[in-house]
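Colleague: I'm new to this one. Can you walk me through it?
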Amino acid sequence: MPINRRNILRGAVLALGAMMPGAAMSRIDDHGVLFQSPRAARTVGTHYLAQHPEERNAARLRQGLLAGAPTETGALRGHIQAKCRQDFAAGHTVVVDGWILARSEARACALVALGALVA
Amino acid sequence: MIEDFREQADAANLDCDLCIIGAGAAGVSIAREFLGSAISVCLVESGGLDFEAETQALYEGESVGLSYPDLDIPRLRYFGGSTNHWSSQCAPLDALDMAPRSWVADSGWPIERAVLEPFYDRAHTACDLGENLYGEALIKALGLAPPAIDPAKLRNYVWQYRTRPNLGHAPLRFGAFYREALEKAVNIRVLLHANVTDIRTNNEANRVEHVAIAALDGPAGRIRARQVVLACGGIENARIMLLSDKIEPNGLGNRHDLVGRYFLEHITGFGGRMVTADSTPLQENYNYHQNTKFWFGLALSEALQGSAEVANCAALLQYVPNMESGVGALRRMWADIREGEVPDDLGQEVLRVIKDLDGASTAIWQRLAGKAPRVANPAEILLDIRSEQVPNRDSRVMLADDVDGLGLRRTRLDWRMGEQDRRTMEVMGRTLGEEFGRLGLGRVRLEDWLLATDGSWTGDVVESSHHMGTTRMATMPQRGVVDEHCRVHGVENLHVAGSSVFPTGGHVNPTLTIVALALRLADTLKDNLARA
Ligand SMILES: Cc1cc2nc3c(=O)[nH]c(=O)nc-3n(C[C@H](O)[C@H](O)[C@H](O)COP(=O)(O)OP(=O)(O)OC[C@H]3O[C@@H](n4cnc5c(N)ncnc54)[C@H](O)[C@@H]3O)c2cc1C
């Protein structure tokens with residue numbers, strides 16, 4: 001999705017939604033997509049890849065993150081969520097531009113940035 | 001009784017059992033212990049009952065190290081001392097704060113934390129606080145059910161304040177609060193406008209013979225006492241000992257070049273910010289409770305301090321109210337877009353990502369649905385990190401070349417921090433980020449300075465007006481200025497009260513411990529005076 005005025009505006013609307021948790025959460029469920037804001041995922045992923053150029057390999061990222069994962073988007077989200085929780089529990093975190101993220105969270109975003117995961 | 005030295009002809013030559021120099025938290029606390037006793041006490045205070053600019057100017061000095069406020073700003077020189085502007089945020093030191101830590105050079109008090117416990121009880125009364133109750137017991141008593149942080153990494157941490165109904169914070173002003181009792185005391189003589197200029201010993205420098213006093217543009221005199229306590233605050237205690245150089249050329253009690261060294265502060269900085277889909281579970285816990293009586297934050301566990309080889313550190317969450325409406329934000333974004341600029345805010349992006357992936361926050365939201373957050377939609381949640389500084393021999397109080405209104409050399413402060421201090425704060429920030437992430441409470445972004453290893457970070461943190469370490473306590477004179485009873489090594493009747501005796505200061509505000517140690521010293525003095 002190219003960054004244009006409409007998409008930025010949509011981002012802004014979602015940002016407002018983010019301040020209203022109940023409404024925002026139900027939107028995620030209705031849509032059944034992995035990321036509500038693919039642009040957001042791409043931005044995080046781009047930062048992560050800049051920091052870890054050795055991971056700029058979609059096949060390997062996919063293998064590590066999605067091996068054994070269900071294919072439907074809703075279930076896929078659950079799979080990645082679970083991996084994030086495991087990462088945090090195991091101390092597998094990364095610092096991306098100062099943000100402390102689960103490694104799987106950053107890698108999922110990296111896959112989006114590489115165009116290898118449909119957000 | 002409370003008298004003005006300038007109007008007391010006989011005060012030029014006084015005898016008493018106990019001379020206490022300085023009427024701040026420490027000095028007043030010790031004096032009160034002798035109310036109604038047979039011991040004659042002279043409490044010598046530089047200032048009057050209120051702020052006076054000329055007296056306050058005696059506190060001016062110079063700073064040659066890290067940036068520090070002008071030295072007359074972080075302390076007050078009149079009856080009640082710096083408690084005339086303190087906030088009364090209190091908590092006791094942890095056991096580990098006082099223990100020797102192999103990873104913190106020059107750590108370890110000569111007394112164990114348990115020794116202080118009964119004095120902390122009494123200090124709560126003296127500071128007019130609530131019960132001496134902290135930690136998990138207090139959290140339970142407050143009826144809180146905080147998130148299940150990993151106790152191997154973090155501890156729930158609560159501070160107390162003095163509050164009054166409908167007023168909120170009402171810090172105890174030691175001068176104003178105890179004035180009447182001291183005024184009525186027949187055995188206690190408070191001498192205002194009397195500046196101690198020299199503590200004079202015998203030729204062997206092992207016994208104080210008299211304390212020299214002078215008023216600004218006024219009379220001078222001397223006080224002879226069986227026991228003397230120096231209680232002028234963490235910077236001035238060292239200065240007065242360095243100035244008392246008539247018998248000991250390097251200053252009283254300074255044979256091992258320790259007086260003024262190891263100056264410590266508590267380091268404070270906004271180390272990070274947080275995004276969360278829902279701040280309710282944070283605000284319900286990490287916040288003020290019972291009006292503003294208690295403030296609930298987090299501290300590093302003892303285990304993590306040891307394994308990461310860092311000092312003690314705490315953090316509070318500050319919820320910055322969202323002053324502008326969402327519509328306003330939308331308009332601003334539109335304006336950016338019309339200018340052809342793309343708003344590039346990774347914070348918002350991360351928020352969107354975690355809202356997508358953070359299942360736990362959804363669950364928490366559902367559990368707490370209906371509970372209004374205290375600060376609706378905070379614009380930001382800041383990590384307010386408050387850290388212990390590790391002892392540093394080169395961080396020090398010295399004498400400057402220029403002189404004050406009494407002709408005494410002013411203070412020169414060389415405050416220094418080190419890489420272990422930054423690392424302590426970084427470990428705190430990272431651990432909060434990892435734990436809040438694990439619990440699905442949100443994501444933390446560390447500030448750039450916290451990760452900067454080039455020394456530039458010191459410009460992003462501030463001091464806390466807590467002056468410690470300059471007459472540190474140790475069993476051996478080679479390692480400390482005072483012994484475990486706060487007596488100056490080698491000087492049989494001179495004691496020091498205040499945070500200058502702290503060898504290390506933990507992360508917590510010092511005054512409760514200052515008062516606890518002062519009360520302990522008062523007991524020692526009672527014994528000494530009874531025996532003599
Ligand atoms: C803005 C601010 C907020 C603070 N908030 C907190 C807080 O929330 N919690 C906390 O624990 N601490 C806090 N503190 C620190 C607290 O004020 C001090 O720890 C405490 O007052 C120290 O007590 P003291 O008796 O050792 O020294 P002081 O209270 O400074 O008293 C020293 C006394 O000695 C007198 N004196 C100095 N020189 C001479 C001399 N030559 N002759 C005779 N008398 C002399 C002074 O006039 C003064 O009365 C704060 C400090 C500041 C500046």
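Colleague: How far is an oxygen atom of the ligand from an N or O atom in the side chain of Glu45(B)?

Modeller: The separation is 2.5 Å. That is a polar contact (a pair of N or O atoms within 3.5 Å). Keep in mind that this is a predicted model, where local features need pLDDT of at least 70, side-chain atom pairs count only at pLDDT 80 or more, and totals for chains, interfaces and linings use all residues. Residues are numbered from 1 along each chain as written, chains are lettered from A and ligands numbered from 1 in written order, and side-chain values use heavy atoms, without hydrogens and water.

Colleague: What does Ala26(B) do there?

Modeller: One of its backbone N or O atoms lies 2.8 Å from a ligand oxygen. Arg77(B) has a polar side-chain atom 3.3 Å from a ligand nitrogen.

Colleague: How much of the ligand's accessible area does the protein cover?

Modeller: 92% of the 1000 Å² that the ligand has on its own (Shrake-Rupley method, 1.4 Å probe).

Colleague: How many residues surround it?

Modeller: 37, each with a heavy atom within 4 Å. Ser82(B), Gln89(B) and Thr511(B) are among the closest.

Colleague: Switching to helices. At what angle do α4 and α14 of chain B pack?

Modeller: About 110°, with axes 8 Å apart. Axes are lines fitted to C-alpha atoms over the stretch in contact, and angles run from 0 to 180 degrees between N-to-C directions. The two helices are therefore roughly perpendicular (65 to 115 degrees).

How values were computed:
Helix = DSSP H or I, 4+ residues; strand = E, 2+ residues; numbered from the N terminus. Parallel < 35°, antiparallel > 145°, perpendicular 65-115°, else oblique. Polar contact = N/O pair within 3.5 Å; in protein donor to acceptor, adjacent residues only side chain to side chain.
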